[in-house]
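Colleague: I have a structure open and would like to learn how to read it. Could you take me through some features in turn?

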Amino acid sequence: MTVQSWTFLLVSASFALYIGIAIWTRAGSTKEFYIAGGGVSPLANGMATAADWMSAASFISMAGLISFMGYDGSVYLMGWTGGYVLLALLLAPYLRKFGAFTVPDFVGDRYYSQTARIVAVICAIFVSFTYVSGQMRGVGIVFSRFLEVDVEVGVYIGMAIVFFYAGLGGMKGITYTQVAQYCVLIFAYMVPAIYLSIMITGNPIPQLGFGGVDPETGVALLEGLNGLHEQLGFAAYTSGTKSTLDVFFITAALMVGTAGLPHVIIRFYTVPRVRDARISVGWALIFIALLYTTAPAIAVFARTNLLHSVSELPYSEAPAWFTNWEATGLLAHNDLNGDGLIQYTGPDSPIANELTVDRDIMVLANPEISGLPAWVVGLVAAGGLAAALSTAAGLLLVVSSAVSHDLLKRSLWPEITERNELIAARLAAGAAVVVAGYLGIHPPGFVAEVVAFAFGLAASSFFPVIILGIFSKRTTREGAILGMVLGITFTAAYIVWFKFVHPEMNSAEHWWFGISPEGIGTLGMLLNFAVTIVVSRFTPAPPAEVQALVDSIRVPRGTGEAHEISA
Amino acid sequence: MADSNDPSARPSGTDPETQERHAEYWRRNLRYLAGLLVVWFVASFGFGIILAEPLNNFTIPGTGFPLGFWFAQQGSIYVFVVLIFVYVKIMNDLDVEFGVDEGGEA
């Protein structure tokens, strides 16, 4: 069978599975729709969190980015895993004890304020849409390359599938489809990684393999790669080019953003007890670490392969995968010196731009570059779609519950019936899918780049007010509202300024303190902390019942089912 | 009055003894958090970023990994996983010690 028929077969089979699960797990109540009824086991929740979390950025883009960035790519590896430590230690158990449906629920009740609730709703929707547009672009790339349909058609198919199971099943449907999607995506990620590791290093464990030696030359793989980089005029692979300060800030923004992303936080409302919330973060991180420790190995294998297979190759002899990807426009060769050979060289060379490779394609192209069997290529396509769809569904649920629960039920229309609230939730999910699809067809940037901004926004809005809400009883609504507004506005303004208004000035000499737009969320977060703490000092202390609420959040005993606490 | 006889119904009970017990539980919790977060910071920001360049002068014996690079792309992640499981263990024990655990039935 050809690559295309394998892809078609595996993608359709996985879609049929998701739809089957969606029909089996229809949501009958708002509680099932928002938090899957609150009875998910910690292990299943860990797996669902891992799929919720690992998006098209993790699956499709990350190894490719690391492959091009070398050491600098560590920001993604540490940033997107280290946040789970913060989540486990500082957020998940307390939020589970609080027991709400959404993140704005917590903000509104803890800060005894409708204004705080509305600000949180706006932040949640803003963050989630930024993130979801990256997912839809991922869906489009997979479809356009492997099934040879237009990117738009691919996005429409993805929208229909997501709407079907998120709209029908809500959190309950999403949870169990995410468990299935995790299995698909991790299998699809590990198979080619193990194949490559055996082919290149003779060691079946990729995590160890990329520290091994090249059996042909007897030189350590990383050392060989550093040598090759030097020869072609790139910076050493294991050192990178970013400043230490910038690496620090980007990593911190991604970590804190992870802990502040609403679609991740709400997953911990779905387990029965505080202790389940704690252990379930641990499971989630194990499942995530499996992919995250494999990604840097794939990056090294892919880099070595690319440099060996195309450098100085006559263009007329370019392999089939090369011409296939050229057709999508994501890979291009421009013979600058007219010698008919493909040169791939560092940024200082006069022929630096002969070969341009879109970073988003490395994981998808890798099996073909290495000549793996056709079914592996198809499997990778199905895995990429699983990653993108599972995350998109989680994000759409945040948007839909922000509208139907926080905006309608808790703010504008408190007497809405259960049945109408459920209808509103489904309608909101439908509207959110349409907006997400539009953003997928007109994407504002690279997948991982767009996603990185969502983290900055989450870091600078939610993280500080949730932490202070739990750890400092003195934090007041005035402090929290001002902190959120200033934090997210500052961060968004810095990103928009350098990325969209003045992209030509987007370089280290113009950045504040040398901090790139990707890392500015850390500064936004510090600003939010400072503003919230200072303003809280000068405003009246929170009422006694809110202080009692904080006391009860801090102690596990007495976890009720998720319920609504009157503000 | 009925509520005060059932400690699980009023976790933030108002009697001074319970309050003091909960306050001590919270102080112990904060101490654990501080210790774990120091490890978290050292393994990632410390070894993986600030000290990465000097550590890269050493290679892990038997492999081709420069040490700082390994911490940034592998070691820190393993440390994170271990940290969370250590946290789960010590907090579950602490809950039992202070009688604020949720029991096996709920």
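Modeller: Start with contacts in chain A between residues at least 6 apart in sequence: 83% of them join residues at least 24 apart. Keep in mind that this is a predicted model.

Colleague: What is the secondary structure of chain A?

Modeller: Chain A comes to 21 helices and four strands. Its C-alpha atoms fill a box of roughly 75 × 50 × 40 Å along the principal axes.

Colleague: Which residues have the most contacts inside the largest nonpolar core?

Modeller: That core has 219 residues, and those with the most contacts inside it are A:Val162, A:Leu185, A:Ile288, A:Ile298, A:Ala392 and A:Leu396. Helix H8 of chain A, residues 151–201, gives the most to this core, with 22 residues. Take A:Val162 as a case: leaving aside residues up to four places away in sequence, A:Val162 touches A:Leu389, A:Ala392, A:Ala393, A:Leu396 and A:Val433.

Colleague: Why is H13(A) described as largely enclosed by the rest of the structure?

Modeller: Because 31 of its 37 residues are buried. Helix H15 of chain A, residues 362–369, is mostly covered, with eight of its eight residues buried. Among them are A:Asn366, A:Pro367 and A:Glu368.

Colleague: What about phi angles: where should I look?

Modeller: Most residues other than glycine have a negative phi. Just after H13(A), A:Glu312 takes a positive phi of about 65°. Just after H15(A), A:Gly371 takes a positive phi of about 70°. A:Tyr112 is not a glycine, yet has a positive phi of about 35°.

Colleague: Where does A:Tyr112 lie?

Modeller: A:Tyr112 is in the loop between helix H6 (103–110) and helix H7 (114–146) of chain A. It is partly exposed, because 16 other C-beta atoms lie within 10 Å.

Colleague: Turning to chain B, is B:Ala34 buried or exposed?

Modeller: Count the neighbours again. B:Ala34, in helix H1 of chain B, counts as exposed because it has 9 C-beta neighbours inside 10 Å. For a sense of distance, B:Ala34 and B:Phe71 are 37 residues apart in sequence and 22 Å apart in space, C-alpha to C-alpha.

Colleague: How many residues does each chain bring to the contact?

Modeller: Chain B brings 42 residues and chain A brings 46 residues. On the chain B side, helix H1 (16–50) and helix H3 (67–97) each supply at least two residues. H3(B) gives the largest share of that side, 16 residues.

Colleague: What classes of residue make up the side of chain B that touches chain A?

Modeller: That side has 27 nonpolar, twelve polar and three charged residues.

Terms used: Residues are numbered from 1 along each chain as its sequence is written. Chains are lettered from A and ligands numbered from 1 in the order in which they are written. This is a predicted model: local features need pLDDT of at least 70, side-chain atom pairs count only at pLDDT 80 or more; totals for chains, interfaces and linings use all residues. Two residues are in contact if their C-beta atoms, placed from the backbone, lie within 7 Å. Ala, Val, Leu, Ile, Met, Phe, Trp, Tyr, Cys and Pro count as nonpolar, Asp, Glu, Lys and Arg as charged, and the others, Gly among them, as polar. A residue is buried if 20 or more other C-beta atoms lie within 10 Å of its own, exposed if 12 or fewer, and partly exposed in between; C-beta atoms are placed from the backbone. A nonpolar core is a set of buried Ala, Val, Leu, Ile, Met, Phe, Trp, Tyr and Cys residues joined through C-beta atoms within 7 Å.
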